[in-house]
Structure formats: structure tokens, C-alpha cells
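Grab your viewer and try each one before you look at the solution.

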Amino acid sequence: MKFKSSVGALLLMSVALSVYAQPPERAANRLPSAVNDADYYENGTPGEDKVLLGELLFWDKILSGNGNISCASCHHSLTDTGDGLSLPVGEGGNGLGMARDTGVGGDAIHERVPRNAPPVWNLGARSMSVMFHDGRVSVDASQPSGFDSPVGDDLPLGLDNPLAVQAMFPVTSAAEMAGQSGENTIANAVANDQLAGPGGVWDQLAQRLQSIPEYVSLFSSTFDDVGTAEDITYVHAANAIAAYQATAFRADNSPFDQFLRGDGRAMSPAAKRGMRLFYGPAQCSSCHSGKFQTDMSFHAIAMPQIGSGKGNGLNGRDDFGRYNVTADMADKYRFRTPPLRNVALTGPWGHDGAYNTLGGVVEHHLDALAALDNYATSQAVLPPRDDLDAVDFEIYNDASSRADLAAASEIEPVRLNKRKLDDLMAFLHALTDTASLDIRHTTPISVPSGLPLAD
């Protein structure tokens with residue numbers, strides 16, 4: 001990725017070209033070091049009891065307002081920890097993955113979830129200090145909880161890491177898990193902005209867990225500070241969910257990882273050439289840096305805006321990204337750099353799932369403005385419904401909104417011939433951990449609430 005002219009960009013180009021010019025064994029000296037257990041919270045090995053409890057909670061619909069959706073509904077083991085859709089079908093939908101529909105009658109969804117369900121690979125790593133596409137959860141030592149979040153000082157104490165903080169929030173979203181005001185008491189609390197404290201969303205969810213004997217036993221055996229049912233809090237649940245995700249969805253044994261650990265034959269010649277492009281002239285590593293190929297920062301790349309948006313711009317259908325967190329105009333249309341392990345598995349791609357092929361999103365990065373102008377809306381994977389379809393491309397089809405998006409873009413074209421593009425794609429496929437190709441073992445047979453795992 002080539003950024004608009006600046007001294008910093010020129011320096012990056014100089015370093016990148018020097019890496020590319022060197023033979024593989026020299027270039028590898030400038031690559032990230034290999035991932036190991038110390039790169040993860042709890043050294044990559046949370047206790048088995050904690051992981052098991054987190055697994056059950058992740059798959060249990062008891063954490064949704066209407067008891068009809070779980071974390072796993074949008075981060076499923078059969079869809080590579082996503083849902084296979086551009087934009088999720090949240091509370092009220094039926095089915096799983098690309099077969100999920102928008103629901104029926106009064107129980108149907110009210111809107112699409114406005115951003116793509118992000119994959120959860122490696123989110124238990126210490127370097128994953130920022131969560132969500134807009135970074136609204138992050139490590140912040142100045143906060144009483146140790147984290148910055150949408151609720152500020154109301155965030156409870158005792159959360160283990162940013163991944164646990166992230167687990168606090170899908171249950172507070174009407175579109176994702178809580179439901180609509182009037183449907184249940186949790187949805188009512190969300191509508192009243194009552195998340196923390198007695199009677200708040202997290203308190204009500206804890207009370208549900210306290211009423212299920214099997215959960216009480218599991219929480220008691222997992223956490224030293226849980227002696228009776230009344231001691232269970234949603235913080236305990238979030239910490240367990242994070243432990244499960246960090247363990248079940250760790251992916252750091254790809255051919256690239258094996259190469260970094262000294263196996264020079266782990267990657268194909270094409271993948272090695274692509275690696276040199278990635279860390280060289282293509283400048284992908286200017287943003288996709290570090291052990292997991294993300295700088296944990298935010299960039300505007302003119303990604304086509306589809307879906308209902310986040311309340312910005314024309315009719316509230318646009319999504320200004322990081323701006324919605326910082327209120328800084330410089331952050332308009334910026335989104336967090338996604339990590340790239342298992343990137344070939346995690347489509348659709350983009351903060352709103354605009355691209356349905358990995359090649360398409362790569363080509364967008366190579367010439368963002370041309371790709372924006374030529375974007376084919378047919379590649380969006382969106383379960384149809386007339387009223388939702390009517391707004392999905394309202395922003396993209398608006399010339400003024402599209403021009404604003406283009407003007408904010410930070411990247412300029414990088415030209416690669418077909419062979420080099422093929423090599424770059426070979427490297428991206430070499431980021432796939434083959435153990436991640438079948439993760440059925442991360443799915444429980446049943447959950448303590450007795451609710452069904454599938455619709």
C-alpha cells in the first residue's frame with residue numbers, strides 16, 4: 001500500500017525497497033519475529049475450566065435478549081469465525097451463515113448490523129490492543145478499568161484484557177443480541193442506556209446465569225471469587241468468553257509462521273516472492289505490520305460504503321468510522337487495520353464486507369479510487385428484503401458521498417503486473433494456518449440453558 005507523499009512515506013519506501021532488493025535470507029531479517037506463547041495473554045494457555053465455560057457461553061443464546069442468538073451465530077465454526085455475509089443478520093434472523101435470512105413477521109430483524117462481523121483469529125494476542133472496526137475499545141491505563149470504551153467510567157473493573165472488554169458489548173446492541181425496546185427487559189435497558197449497575201443489561205444477564213445450576217457450578221469451579229450464585233457477574237462471563245476465543249481461535253502455524261521459525265521450505269517460491277512484495281514495493285506492511293500484520297491503527301482507503309450506515313452523512317446511511325469515536329475530522333472514514341492471519345478464510349472483506357473475493361479487496365488496495373468508481377454492488381452478500389435492499393447502496397450511489405469518501409483516501413496506486421499480483425496472492429494464502437480449516441471441535445454439543453445451538 002502506497003501512501004500519499006510525505007517524508008515518512010518516502011522513508012518507508014526506501015526501507016521497503018532495501019528489503020525487496022535483498023535475497024530471502026537477508027530480507028527475512030527484517031520480517032517480524034515468530035509468534036510464541038508469550039505473545040498471548042495468560043501465556044496462551046488459559047485454564048481448561050475457564051475455556052470450557054467460555055465455550056458454552058459463546059454458543060448459548062441465553063445471553064441474548066430474546067434467547068434467539070448467540071455470539072457464535074455471527075462468529076461460527078462453520079464460517080471461519082465470521083458469518084459469510086457482508087453485513088450480519090443479527091437478532092431476529094433465522095439460520096446460519098450465508099443461509100441466514102432476515103426473519104419472519106414481527107420477529108424479523110429491524111436493520112442489518114451496519115458493519116461486517118470481524119473474524120476472531122488471534123484476538124487473544126497481547127498486541128491486539130484495539131477492538132472493533134472503529135477502535136472504540138482499547139487499552140488505556142488512565143481509565144479506572146484500564147480500558148477505554150463506549151461507557152467510560154461505567155465499565156466494570158476486573159476485565160482481563162481488551163478481548164474480554166469487547167465481549168461486554170454485542171449483548172448491549174439492539175440489532176446484534178439485545179432485541180428491540182418492548183420485546184424484553186434487556187432490550188428495554190438498552191433503550192434506556194442502562195448497561196451497568198443494578199437492573200442494567202449486564203446485571204440482568206448475570207441473573208440469568210445465576211438461575212442455571214450448571215452455570216453456577218462451572219463459575220464456582222472456575223473463579224476463586226465466586227462462592228455462591230449471587231457472586232456471578234457478567235465480567236466473569238466476558239473473561240471466560242475471551243479465554244475461549246483466545247484458545248480456540250489461535251492461528252499462528254501457517255506456512256509463513258513456519259518460515260519465520262526457520263523452515264525455508266515451508267512456503268512456495270511464489271509465496272516467497274509475494275512476501276518480498278508485501279514487505280517491499282507493494283508497501284502492504286506500512287499498515288499490515290507487526291507479528292500479526294496490523295499496526296492497530298486507522299486508515300482511510302476509500303472502501304465502498306454499503307448497508308444502513310452508522311448514522312452519518314446522507315440520511316444517516318454513511319459510516320464515518322473512527323470519527324464516531326474521536327469526533328476528529330481527520331479520522332473521517334478511517335477504520336482499523338485488520339490482522340491478516342487466515343485472511344483467505346475471512347470473506348467478505350472490508351469493514352462492511354463490500355468485497356466478496358480476496359483478489360477484489362487486494363486490487364482495491366492497489367488502486368483504491370479506481371476500484372471505488374468501478375465497484376460492482378452485485379458482489380455484496382446480503383440476504384434480500386425489499387426495505388433493506390432499498391437503502392443498501394444509497395451512499396455508494398450518491399455522487400457527493402462517494403466523492404467525500406474518495407477525498408479522504410490515504411493511499412495512492414501501486415502497479416503490479418499479473419505475475420507479481422499472483423505472487424502477492426500466494427503469500428496471502430500462505431498466511432492460512434491449516435489447523436484452522438476444520439474447527440468443528442470448538443463447538444459444544446449442548447449448552448446449560450437447554451436452548452438449541454442451531455435455529
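**Exercise 1.** In which hand does α14 cross α18?

Quick ground rules before the solution: this is a predicted model, where local features need pLDDT of at least 70, side-chain atom pairs count only at pLDDT 80 or more, and totals for chains, interfaces and linings use all residues. Residues are numbered from 1 along each chain as its sequence is written, and side-chain values use heavy atoms, with hydrogens and water left out.

*Solution.* 
- Step 1: find α14 at residues 358-366 and α18 at residues 418-429. Helices here are DSSP runs (H or I, at least four residues), strands are E runs of at least two, and both are numbered from the N terminus.
- Step 2: the two helices pack at about 120°, with their axes 11 Å apart. Axes are lines fitted to C-alpha atoms over the stretch in contact, and angles run from 0 to 180 degrees between N-to-C directions.
- Step 3: that angle makes α14 oblique to α18 (under 35 degrees is roughly parallel, over 145 roughly antiparallel, 65 to 115 roughly perpendicular, the rest oblique).
- Step 4: the crossing is right-handed, i.e. the near helix is turned clockwise from the far one by less than a right angle.

**Exercise 2.** Work out the angle at which α12 and α18 pack, and list who makes the contact.

*Solution.* 
- Step 1: the angle is about 95° and the axes are 7 Å apart.
- Step 2: α12 and α18 are therefore roughly perpendicular to each other.
- Step 3: contact (heavy atoms within 4.5 Å) involves A270, A271, R273, G274, M275, L277 and F278 on the α12 side, and R419, K420, D423, L424, A426, F427 and L428 on the α18 side.
- Step 4: sorted by class, that contact has nine nonpolar, one polar and four charged residues (Ala, Val, Leu, Ile, Met, Phe, Trp, Tyr, Cys and Pro are nonpolar, Asp, Glu, Lys and Arg charged, the others, Gly among them, polar).

**Exercise 3.** Is T294 buried or exposed?

*Solution.* 
- Step 1: look in the loop between α12 (269-278) and β5 (298-299) for T294.
- Step 2: T294 has 10% relative accessibility, so it counts as buried (under 20% relative accessible area; exposed is over 50%, partly exposed in between, with a 1.4 Å probe and protein chains only).
- Step 3: a polar atom of the T294 side chain sits 2.6 Å from the backbone oxygen of T337.
- Step 4: beyond four places in sequence, the contacts of T294 include M128, C287 and P338.

Methods
A polar contact is a pair of N or O atoms within 3.5 Å; within protein, one must be able to donate a hydrogen and the other to accept it, and residues adjacent in sequence count only if both atoms are side-chain atoms.
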